[in-house]
Amino acid sequence: MIRLGAPISAGWNDPGEWATRARELGYSAVYSPFNGDDPRANDDRTVRAFRDAAEAAGLFIGEVGVWHTN
């Protein structure tokens with residue numbers, strides 16, 4: 001099965017809203033809501049909350065921004 005998704009750039013305030021917004025847009029896959037430079041990426045509780053929200057909504061986190069500029 002091919003999953004379609006994209007970043008969710010606006011319209012959410014927490015992991016649950018983020019996942020709900022993705023489903024409303026018809027996505028079954030999403031980009032990570034933050035990249036490696038975002039302080040939230042270092043908070044295990046926050047990362048787990050987004051992972052759990054994605055799982056509960058049937059979403060696959062298909063891309064995580066971990067690249068850096070030279």
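This is a short tour of a predicted model, stop by stop. Residues are numbered from 1 along each chain as its sequence is written. Local features need pLDDT of at least 70, side-chain atom pairs count only at pLDDT 80 or more, totals for chains, interfaces and linings use all residues, and side-chain values use heavy atoms, with hydrogens and water left out.

Select the three strands, which form an open, parallel sheet in the order 1-2-3. (Strands, E, at least two residues, and helices, H or I, at least four, are DSSP runs numbered from the N terminus; two strands pair if DSSP finds at least two bridges between them.) Strand 1 (5-6) and strand 3 stand at the edges with a single partner strand each, so one side of each has no neighbour in the sheet. Glycine 5 stands opposite alanine 29 in strand 2.

**Helix 1.** Next select residues 15-24. The buried residues here (under 20% relative accessible area, 1.4 Å probe, protein chains only) are Pro15, Trp18, Ala19 and Ala22. They cover an arc of only 95 degrees around the axis (taken from the directions from the helix axis to the C-beta atoms), which puts them on the same side of helix 1.

**The rings.** Now select Trp12, Trp18, Phe34 and Phe50, which ring pairs link into a cluster. (Rings of Phe, Tyr and Trp, its six-membered ring, pair if their centres lie within 6.5 Å; planes under 30 degrees apart count as stacked, over 60 as edge-to-face and the rest as tilted.) Phenylalanine 50 counts as buried, at 4% relative accessibility. Phenylalanine 34 and phenylalanine 50 form an edge-to-face pair, 5.5 Å centre to centre with 80 degrees between the planes.

Definitions and conventions. Buried means under 20% relative accessible area, exposed over 50%, partly exposed in between (1.4 Å probe, protein chains only).
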